[in-house]
Amino acid sequence: MREDMQFISGILDELEAIVQDASGVPMRRGRAVVDRSDLLATLDELRGSLPRELAEAESIRREYAAIVSSAREEAERIVQEAHRRADDMVYETEVYRRAQRRAGEVIERAERYAEEVARGSEVYRDRVMGQLESWFQDSLVSVAESRQELSGVPVRRQEAHELPEDEEPGGWRASSA
């Protein structure tokens, strides 16, 4: 191998001499005219003298790149499969099942509460409407009695049945709030 390197170094020296000895191109600084056949012959000699280990190394490098690429693809596939399995396993765990059960209970309680609130609002609505109806009836009676009085007809008022002090007609209790 050492002899090959010395030979290659000698050829590179020859290439350098060809370029150094080339005649310059007028008004083109840095440019030179070289004998094409000499240069090509020297390059062929250089190519032929390259150790075959370099070609083998290039082949190994390409093979290495293919193996690394394949390994990366396989690693990515393994990671994706592991993620998929982990996701599948989550659904099989007791914690997940308990969370699902707890969520169902919370939803069920919320639905029951919503039904209670709806029933309570219906009762409240009925009470309010009953109270309004009673007030309107009392107002109509009062208007009718007032009209009778204005007509000069004596009005015989009915006494309201006795109610506790804090309760008004229609079932409502007075509140200080």
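Glutamate 81 and arginine 84 are joined through their side chains by a salt bridge, with 2.4 Å from N to O. This is a predicted model, and the distance is computed from its atoms. The two residues sit three apart in helix α3, so about one helical turn separates glutamate 81 from arginine 84. An α-helix has 3.6 residues a turn, so residues three or four places apart point the same way. Glutamate 81 is partly exposed, at 27% relative accessible area; arginine 84 is also partly exposed, at 42%.

Arginine 62 and glutamate 58 pair at 3.5 Å, N to O. Their spacing is four residues within α3 (residues 52–90), which again is about one helical turn. Here arginine 62 is exposed, with a relative accessible area of 51%, because the exposed class begins over 50%. Glutamate 58, at 29%, is partly exposed.

| Salt bridge | N to O distance |
|---|---|
| Glutamate 81 and arginine 84 | 2.4 Å |
| Arginine 62 and glutamate 58 | 3.5 Å |

The pair of Glu58 and Arg62 belongs to a network of salt bridges that also takes in Arg61.

Which residues of α2 are buried? They are Thr42, Leu46 and Ser49. Viewed down the axis of α2, these buried residues fall within an arc of 70 degrees, so they line one face of the helix. The face turned away from the buried side carries the exposed residues Arg36, Arg47 and Gly48.

A nonpolar patch lies on the surface, made of Met129, Leu132, Trp135 and Phe136, which together have about 440 Å² of accessible area. Leucine 132, one of its members, is located in helix α4 (residues 94–150). At 31% relative accessibility, leucine 132 counts as partly exposed. That value passes the cut-off for patch members, which is over 30%.

The remaining values concern the whole chain. The protein chain contains four helices and four strands. Read from the N terminus, its elements follow the order α-β-β-α-α-α-β-β. Of its 177 residues, 7% count as buried, buried being under 20% relative accessible area. The chain exposes about 16000 Å², and carbon and sulfur atoms supply 54% of that area. Among contacts between residues at least 6 apart in sequence, 49% join residues at least 24 apart.

Terms used:
Residues are numbered from 1 along each chain as its sequence is written. This is a predicted model: local features need pLDDT of at least 70, side-chain atom pairs count only at pLDDT 80 or more; totals for chains, interfaces and linings use all residues. Side-chain values use heavy atoms; hydrogens and water are left out. Buried means under 20% relative accessible area, exposed over 50%, partly exposed in between (1.4 Å probe, protein chains only). The arc is that of the directions from the helix axis to the C-beta atoms. Contact means heavy atoms within 4.5 Å. Accessible areas come from the Shrake-Rupley method with a 1.4 Å probe; for residues, only the protein chains shown count as cover. A salt bridge is a side-chain nitrogen of Lys or Arg within 4 Å of a carboxyl oxygen of Asp or Glu. Patches are made of residues with over 30% relative accessible area and no salt bridge: like charges are joined within 9 Å, nonpolar side chains (Val, Leu, Ile, Met, Phe, Trp, Tyr) within 5 Å.
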